[in-house]
Amino acid sequence: MTTLQPIAAASLSATVRHLNCGLWLGKSACNYHNARRLSSRGTLRRGFTVSMSAATEPVEVCVKASITTPNKLGDCPFCQRVLLTLEEKQLPYDMKLVDLANKPDWFLQLSPEGKVPVAKLNGSWTADSDVITQALEKKFPTPPLAAPPEKATIGSKIFPTFIGFLKSKDPSDGTEQALLTELTSFDNYIKENGPFINGQAISAVDLSLGPKLYHMEIALGHYKNWTVPDSLPNLKSYMKTIFSLDSFVKTMPSTEDVIAGWRPKVMG
């Protein structure tokens, strides 16, 4: 459920409001009416009337805008991690799309370093997906997403080794093997401890790793004609499960954006 609203003139930024109802928790019910109308500026707006019990003020979050399609979510895996957390916790949020190639003044005022994601929590803007997701877990502990500290680093070496292999121009430099080693280790872990990193329930660690695996699959498939080998069935099953989650489908970037987003690193 979305509402598109102009935020700043001559910028790609837009606000998308997601109002999610925790029906599976048995705590709220949602009724909505979808109406389309043109604003005085000629902007298509989608309006919804939503009724929720125990309503929560939407969390404002700034994320990367698509570089291929106007008013669409971009390809930042750290932004998706925050959005996944909000979705899994069934929290309403206002998603502000930021054109990182032409950062508007309003965004730089709240994020001087010009980085995303940034979220407004407890009245102040907070940067860094680690800090944001931990703050969300503390403020909204249900459903719980925290994992034991010893599981927090499971799969954490996959993303940097993926980038090393993606950027590599030398087939014999060992970067592919380094990635395969990390993927094999994760495959073995999931075989013994799955289906998720923390066992039967999805956790914050999955929500961090999932977007990175999605980028790995698309970028390596496009630029290296490489896919996860069939010898890693547990990893492949894990990826399929994560990518099929409703929360993931709602927040994933387009294939075109992932490809375009990694092009500078590959071609540079």
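Helix α4 (residues 158-167) is mostly covered in this predicted model, with seven of its ten residues buried, where buried denotes under 20% relative accessible area, computed with a 1.4 Å probe on protein chains only. The buried positions of α4 are I158, F159, T161, F162, I163, F165 and L166, and what covers them includes α1 (77-88), α5, α6 and α9. Helices here are DSSP runs of H or I with at least four residues, and strands are runs of E with at least two, numbered from the N terminus.

One of these neighbours, helix α9 (residues 255-267), has an axis that comes within 8 Å of that of α4 and crosses it at roughly 60°, axes being lines fitted to C-alpha atoms over the stretch in contact and angles running from 0 to 180 degrees between N-to-C directions. That angle makes α4 oblique to α9, given that angles under 35 degrees count as roughly parallel, over 145 as roughly antiparallel, 65 to 115 as roughly perpendicular and the rest as oblique. Contact, defined as heavy atoms within 4.5 Å, is made by F159, F162, I163, L166 and K167 of α4 and by W262, K265 and V266 of α9.

Helix α5 (residues 175-193) has 19 residues and reaches 27 Å from its first C-alpha to its last, close to the 27 Å expected at 1.5 Å a residue, the expected span being 1.5 Å times one less than the number of residues. Its buried residues, T175, L179, L180, L183, F186, D187, Y189 and I190, pack against α4, α6 (204-223) and α7. With helix α7 (residues 233-244), α5 packs at an angle of about 80°, the axes lying 7 Å apart, and the two helices are therefore roughly perpendicular to each other. On the α5 side this contact involves L183, F186, D187, I190 and K191, and on the α7 side P233, N234, L235 and Y238.

For the protein chain as a whole, the secondary structure comprises nine helices and eight strands, and buried residues make up 47% of its 268 residues. Of the contacts with a separation of 6 or more, 68% are between residues 24 or more positions apart.

Residues are numbered from 1 along each chain as its sequence is written, and side-chain values use heavy atoms, with hydrogens and water left out. Because the model is predicted, local features need pLDDT of at least 70 and side-chain atom pairs count only at pLDDT 80 or more, whereas totals for chains, interfaces and linings use all residues.

Key:
Buried means under 20% relative accessible area, exposed over 50%, partly exposed in between (1.4 Å probe, protein chains only).
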